[in-house]
Amino acid sequence: MALDTLMLTEQTFDEEIQSSETLVLVDFWAEWCGPCKMIAPVLDQIAAAHHETLRIAKINIDENLELARRFEVMSIPTLILFKDGEPQLRIIGAKGKGQLLEELRPFL
């Protein structure tokens with residue numbers, strides 16, 4: 001996991017997302033989720049390449065069920081891109097780096 005990856009909880013989510021001056025890509029994941037583990041290094045690579053404009057944050061849905069409900073996360077991994085505290089884009093399922101970058105490109 002990248003050094004600047006945020007680990008969010010129900011207690012820290014709103015403050016971190018609202019106060020962020022960059023885009024935040026929130027990864028809703030769980031320890032038991034194979035596809036979640038597959039995309040983690042890809043997210044780290046994307047974060048490293050776009051560190052001026054994008055931060056990666058992770059929410060363990062098993063430990064933060066309220067957030068998963070609040071954002072209607074039905075399957076994982078689900079990635080939600082936030083800008084100025086508001087969700088802009090939702091990506092569901094594990095995708096390769098190229099496909100993720102293509103979906104994120106309009107925002108980066």
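1. A salt bridge here is a side-chain nitrogen of Lys or Arg within 4 Å of a carboxyl oxygen of Asp or Glu. The model is a predicted one, and a search of the whole structure finds four such salt bridges.

2. Aspartate 27 pairs with lysine 58, and their closest N and O atoms are 2.6 Å apart. Are the two partners buried or exposed? Aspartate 27 has a relative accessible area of 0% and is buried. Lysine 58 is also buried, at 9%.

3. Arginine 69 and glutamate 66 form another salt bridge, with 2.8 Å between the closest N and O atoms. Both residues sit in helix 3 (residues 65–70), three residues apart, so about one helical turn separates them. Arginine 69 is exposed, with a relative accessible area of 53%, whereas glutamate 66 is partly exposed at 47%.

4. Glutamate 102 and arginine 105 also meet through their side chains in a salt bridge, at 3.3 Å from N to O. Glutamate 102 is partly exposed, with a relative accessible area of 49%. Arginine 105 is likewise partly exposed, at 49%.

5. On confidence, the protein chain has a mean pLDDT of 94, and 97% of its residues reach 70 or more. Which elements have the lowest and the highest mean pLDDT? Strand 1 (residues 6–7) has the lowest, at 92, and strand 4 (residues 78–83) the highest, at 98.

6. Some backbone details deserve a look. Most peptide bonds are trans, and most residues other than glycine have a negative phi. The bond that joins isoleucine 76 and proline 77 is cis, with omega about 0°. Proline 77 lies in the loop between helix 3 and strand 4.

7. The loop between helix 3 and strand 4 also holds glutamate 72. Glutamate 72 is not a glycine, yet its phi is positive, about 50°. With a relative accessible area of 55%, glutamate 72 is exposed.

8. Aspartate 84 also has a positive phi, near 55°, and is a residue other than glycine. Where is aspartate 84 placed? Aspartate 84 is in the loop between strand 4 and strand 5 (86–92). Its relative accessible area is 60%, so aspartate 84 counts as exposed.

Definitions and conventions:
Residues are numbered from 1 along each chain as its sequence is written. This is a predicted model: local features need pLDDT of at least 70, side-chain atom pairs count only at pLDDT 80 or more; totals for chains, interfaces and linings use all residues. Side-chain values use heavy atoms; hydrogens and water are left out. Buried means under 20% relative accessible area, exposed over 50%, partly exposed in between (1.4 Å probe, protein chains only). Helices (H or I, at least four residues) and strands (E, at least two) are DSSP runs, numbered from the N terminus. pLDDT is the predictor's confidence in each residue, from 0 to 100.
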